[in-house]
Number of protein chains: 2
Amino acid sequence: RSGNKASRCYPLPPRCKPDNKVLAEDLKTPDNHVVRDPRLIRLTGIHPFNVEAPLSELFDEGFLTSKDLHYVRNHGLVPKVEDTEIMDWEYTIEGEVENPIRMNLEQLIKDYEQITYPVTLVCAGNRRKEQNVVRKTKGFSWGPAGLSTALWTGVVIGDLLKAARPKRGAKYVCFEGADRLPNGYYGTSIKLNWAMDPNRGVVVAHKMNGEMLAPDHGKPLRIIIPGQIGGRSVKWLKKIIVTREPSDNWYHIYDNRVLPTMISPEMSADLPDTWKDERHAIYDLNTNSATCYPAHDEKLPLGQGLKSYKARGYAYAGGGRRITRVEITLNKGKTWLLANISYPEDEYRLAPEGEELFGGRLDMSWRESCFCWCFWDLDIPVSQLQESDDIMVRAMDDAMMVQPRDMYWSVLGMMNNPWFRVVIHKEGHTLRFEHPTQPALMPGGWMERVKKAGGNLSNGYWGEKLSGEDAATVEEEPAK
Amino acid sequence: RSGNKASRCYPLPPRCKPDNKVLAEDLKTPDNHVVRDPRLIRLTGIHPFNVEAPLSELFDEGFLTSKDLHYVRNHGLVPKVEDTEIMDWEYTIEGEVENPIRMNLEQLIKDYEQITYPVTLVCAGNRRKEQNVVRKTKGFSWGPAGLSTALWTGVVIGDLLKAARPKRGAKYVCFEGADRLPNGYYGTSIKLNWAMDPNRGVVVAHKMNGEMLAPDHGKPLRIIIPGQIGGRSVKWLKKIIVTREPSDNWYHIYDNRVLPTMISPEMSADLPDTWKDERHAIYDLNTNSATCYPAHDEKLPLGQGLKSYKARGYAYAGGGRRITRVEITLNKGKTWLLANISYPEDEYRLAPEGEELFGGRLDMSWRESCFCWCFWDLDIPVSQLQESDDIMVRAMDDAMMVQPRDMYWSVLGMMNNPWFRVVIHKEGHTLRFEHPTQPALMPGGWMERVKKAGGNLSNGYWGEKLSGEDAATVEEEPAK
């Protein structure tokens, strides 16, 4: 997957499937113009399109994800833009600026310096299914594949904002897309400070993995905000509005927030000030990790001379922070093993000076922040797996924060990041592995299983029965 | 504690005790010239001077700490500098720079813009005593008062580095003090990137709370690095050295690191590459909190009509991040209550334009990062306290990372930040509160008590006996 020059030894995108087309189920929806990959798992029925790839397929693609398998989070229909209209796509930079700007994509490409670099986008709902099993949230059930990495090409937003000249007192930048929804166009905001900071790398992007954006990924223009949740990276970009206050867009206030854990769905219906409290808005990703191999339902035959098994997975942190260690426990946190970490993102930092990729400058040598996932692996002796009930993984970031044992449940079900637990079943001469959940309504996973059996899913128990606990007393979620 | 103008409504420093003098115990040490406050608790015998204030006295001083009660971390003797020599104090900016600089303090004050702002310094060892009770580390026993806040006046280091013009390829800034120690002068480094970033606010400081630095705090010149552990803020500054690699100073490598938890003190003796791995070096503070009231051994009389008790404490995060919520549990994490948070640091942001304080510009309106501790409080019904075994507190930062239930033990005992637990004892018509530990070798606290009684201090147990566990089988740490 390396390029043609000896020095270009950074990852390039995996090939896309040439034969994808509009799928039968999309024909009856407003998205009947959008080509999609049938492997993607639909999380909210047929429409709107919210999907993740099967975890193993995502992992097997490697550091970069093809557009075929890149996760998608759409709130409604996909705006239709013909290829011939792309260069005429107009957007504005307005609000608290001295020099409001209206330009089209052609001007953006012609008049501004283009850059290219890899960014891992992560949905704030990644791993939400685990929360939904413990207690139903208002969000749909992402598995642990709600993240993907691509090479994005575009213009650093600081260059555009400097041209628009923010006024004194301006503190926020709002983004608005072309996707008209029940509560208005999708929109959100970030701090102007961040947008102006080159280390944060916010980009107005028009290419993904060297191609124009696919309709599901914002064709023809979108924001990319590294290190923050995907919900801030507005697609089908129409407006950049500099403001003194955070966005008052419905989706900025009522989505992508972690309300305090004691607020129940019922209470949340009548707490407008709590929703509006910017302290509850999610920007930076939190530190997270998951195990990809062993996969769910993977079987490891015993007694065939295999001495060790290489467990593998991913980890990421937010705000440009780096994962500094990944640790594995085989005894529920009593002791830990240190995994190996690889950071393919670092390979781009070594690109030769002046390197160009997909029409953008690949200039990452000066930047120390981390915008992408990393991979971990650990050879575990099979004899130890045989003696263990489970494999759990946790990551630590360079701010010395560790993934917690505990789930932080909240109304919207966001930012779920407790230790990721894979159960080991001994079945005759085989070990069978079981992930916590399967995405969407797909059955499977130890969490649903132990919940049905009346086990205790509270923090720190992982489904063990409490002494004296009667399985019959565990309440089932009422069916709706 | 407000100033004399109506608009100056930010905290000013508490008064110092006028009658402090050189203490008898210091007369026989090389620090026989240093005036100190007798209330400070010595953590490493008489010398070197490593102290924290009694937690209640620290908290009672409010947002800013007087120099009398500010914690001190000295590795050896305090360099002696006469008042008359201060302005002649020379330091250099050297290494990978186009324009090496040697200047004295007089020039630093005369030739560069002076700024003043509040910064909370925190020792990486804050709360280490709790770790030492679980398993002895190589570090001495800080209680939860290893932090203090002061107004620092000096020059933003970016201004100085710009004048010195770092060469291409330079990536780090090393600092070296005048304190000669068994392994050379104390020194460490941070990233050049951070030093050049105005949002990070690194300062070369010569005043603390409006006075020249006290000998224990770096007289006459030191570094102040907001949001990072105190160990990077080198005192008695002599050299700023721009480099391509991190500092190779002994103290940079063998202090202020969190080695992976599975590395025992014995193993660590023979792992030079592990020590040198920069991923283990601590820079940003991690998110932490503690309860100050109820204080250790505080008694709450019952049946006198008191309906509720106001619990109070502090919290902080690292790297400029903000504490966005503080939560209290009275049932070991099953449910949580939301505490109130106050951020006195915000009051400085509202200072009028052009405001000067102690000869420095107080210009914080543009900065959104948080460099200081905040305070939390919560009114808890006394009836609930009566029914609870303990009060535990945890904080969340704006990167949505929460303090963990689990302690991360490591060889040096650093960055301890699990939920802070205060035990509630019911004694007749009184509730008595018990903190986890007392600093240094001071006896007291539930952790030592339950350890002696054979209780289980492993993560998630807080001293409860395991079913079937025999107290007699718990091993005592062998006496040395």
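Guide: The side chains of R168(A) and E353(B) form a salt bridge, at 3.4 Å from N to O; the term requires a side-chain nitrogen of Lys or Arg within 4 Å of a carboxyl oxygen of Asp or Glu. This is a predicted model, in which local features need pLDDT of at least 70 and side-chain atom pairs pLDDT 80 or more, while totals for chains, interfaces and linings use all residues. Residues are numbered from 1 along each chain, chains are lettered from A in the order written, and side-chain values use heavy atoms, without hydrogens and water.

Visitor: How many salt bridges are there between chain B and chain A?
Guide: The count is four.

Visitor: And which kinds of residue make up chain B's side?
Guide: The side of chain B that touches chain A has 20 nonpolar, 11 polar and 14 charged residues. Ala, Val, Leu, Ile, Met, Phe, Trp, Tyr, Cys and Pro count as nonpolar, Asp, Glu, Lys and Arg as charged, and the others, Gly among them, as polar.

Visitor: What about helix 4 of chain A, which residues are buried there?
Guide: In helix 4, residues 157–164 of chain A, the buried ones are I157(A), G158(A), L160(A), L161(A) and A164(A). Buried means under 20% relative accessible area with a 1.4 Å probe, protein chains only, and helices are DSSP runs of H or I of at least four residues, numbered from the N terminus.

Visitor: Why do they line one face?
Guide: Down the axis of helix 4 of chain A, the buried residues fall within an arc of 160 degrees, so they line one face; the arc is taken from the directions from the helix axis to the C-beta atoms.

Visitor: What follows helix 4 of chain A?
Guide: R165(A) follows, with a positive phi near 55 degrees.

Key. Buried < 20%, exposed > 50% of the residue type's maximum accessible area, 1.4 Å probe, protein only. Helix = DSSP H or I, 4+ residues; strand = E, 2+ residues; numbered from the N terminus.
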